[in-house]
Amino acid sequence: MPTSDLHTPPPILVVLLDGLGDRPWPELDGLTPLAAAHTPNLDAVAAAGTTGILHPLGAGRAPATEFAHFVLFGYPAERFPGRAVFEAAGAGVEVVPGQVCLHAILVTVRRNPDATLTIVDRYPAGGIERAAELYGALTDFEHEGIRISVRHTRGEQAIVLLEGAASADVTDTDPHNNGWLAGSVQPLRDARDLDAAARTARALDAFLHHAYARLRVAAGGGTEDDASDSTGDTSPFLLLKWIARKSSLTPFAEQTGM
């Protein structure tokens with residue numbers, strides 16, 4: 001081996017069968033789909049390597065997928081910046097160090113008499129092919145010194161970029177189920193800067209009201225002026241989640257030697 005290759009990290013292949021565990025099913029005699037499946041190739045891979053159980057954050061804690069992967073890849077849990085940073089990187093959306101961003105999806109909602117919004121479909125009415133048109137209707141927005149812009153990435157998904165003194169200590173609005181209410185943005189009780197978190201929550205909530213009116217018009221549902229009087233109507237809407245703040249991370253090869 002040439003001397004120059006001695007310090008080259010060895011290549012690795014990571015295969016993550018995310019969500020494969022599933023649950024026991026009566027139709028499978030109480031087995032999980034994986035336990036019931038014929039898996040000669042997976043069995044061969046397991047037999048050729050080393051297997052075990054990893055608790056990424058310690059026994060008894062069930063982290064979100066992206067958090068578990070971050071730790072699995074050799075990074076300390078306290079350095080986790082938030083999933084939206086990785087979503088933006090994967091989509092080629094530039095996020096500058098220190099900037100706050102979120103992941104957004106287009107859904108279809110129904111307005112209730114009390115002005116809350118019930119999710120009726122986790123895709124925009126008319127199909128994902130309308131997503132680019134709908135996202136194109138969302139103009140940049142500013143509230144209390146926080147500037148908000150949207151970058152459509154693919155399908156129903158987008159990255160929401162915040163500029164100004166924004167906090168990453170606010171809640172998601174996505175309840176993950178049809179038939180549930182779309183959430184409002186709230187500051188976290190243990191926010192590092194409660195004033196900044198409250199200001200960010202207000203700005204994002206104001207942006208969502210702005211987006212609701214613009215998306216309703218883009219979908220052919222009237223004018224922005226009558227958007228508040230649309231009880232029973234369905235409309236496209238944005239759900240926000242995975243808020244993150246861009247930080248500097250050690251490159252994978254330096255962090256792990258692989």
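A salt bridge here is a side-chain nitrogen of Lys or Arg within 4 Å of a carboxyl oxygen of Asp or Glu. Keep that cut-off in mind for the tour. The model on screen is predicted.

**Stop 1: Asp174 and its partners**

Eight salt bridges are present in the structure. Select Asp174 and Arg122. They form one of these bridges, with 2.8 Å between the closest N and O atoms. Asp174 sits in the loop between strand E5 (157-163) and H6, and Arg122 in the loop between strand E2 (117-121) and helix H5 (131-136), so the bridge ties together parts 52 residues apart in sequence. Asp174 and Arg122 are both buried.

Lys241 is buried, as is Asp174.

**Stop 2: Asp169 and Arg192**

Move to Asp169 and Arg192. Their salt bridge brings the closest N and O atoms to 2.7 Å. Both residues lie in the loop between E5 and H6, 23 residues apart. Which of the two is exposed? Arg192 is, with a relative accessible area of 73%. Asp169 counts as buried, because its relative accessibility is 9% and the buried class lies under 20%.

**Stop 3: helix H6**

Now select residues 194-218. This is helix H6, with 25 residues. From first C-alpha to last it reaches 35 Å, close to the 36 Å expected at 1.5 Å a residue.

Zoom in on the start of H6. There a side-chain oxygen of Asp193 comes to within 3.2 Å of the backbone nitrogen of Asp195. Then go to the other end. Just after H6, Gly220 has a positive phi of about 90°.

**Stop 4: a charged network**

Select Glu66, Arg83 and Glu87. Salt bridges link these three residues in a network.

**Stop 5: a nonpolar patch**

Select Ile12, Val14, Leu16, Leu54, Leu72 and Met258. Together they make a nonpolar surface patch of about 510 Å². Where is Met258 found? Met258 is in the segment after helix H7 (252-256). Met258 counts as partly exposed because its relative accessibility is 39%, and that class runs between the 20% limit for buried and the 50% limit for exposed.

Definitions and conventions
Residues are numbered from 1 along each chain as its sequence is written. This is a predicted model: local features need pLDDT of at least 70, side-chain atom pairs count only at pLDDT 80 or more; totals for chains, interfaces and linings use all residues. Side-chain values use heavy atoms; hydrogens and water are left out. Patches are made of residues with over 30% relative accessible area and no salt bridge: like charges are joined within 9 Å, nonpolar side chains (Val, Leu, Ile, Met, Phe, Trp, Tyr) within 5 Å. Accessible areas come from the Shrake-Rupley method with a 1.4 Å probe; for residues, only the protein chains shown count as cover. Helices (H or I, at least four residues) and strands (E, at least two) are DSSP runs, numbered from the N terminus. Buried means under 20% relative accessible area, exposed over 50%, partly exposed in between (1.4 Å probe, protein chains only). The expected span of a helix is 1.5 Å times one less than its number of residues. A polar contact is a pair of N or O atoms within 3.5 Å; within protein, one must be able to donate a hydrogen and the other to accept it, and residues adjacent in sequence count only if both atoms are side-chain atoms.
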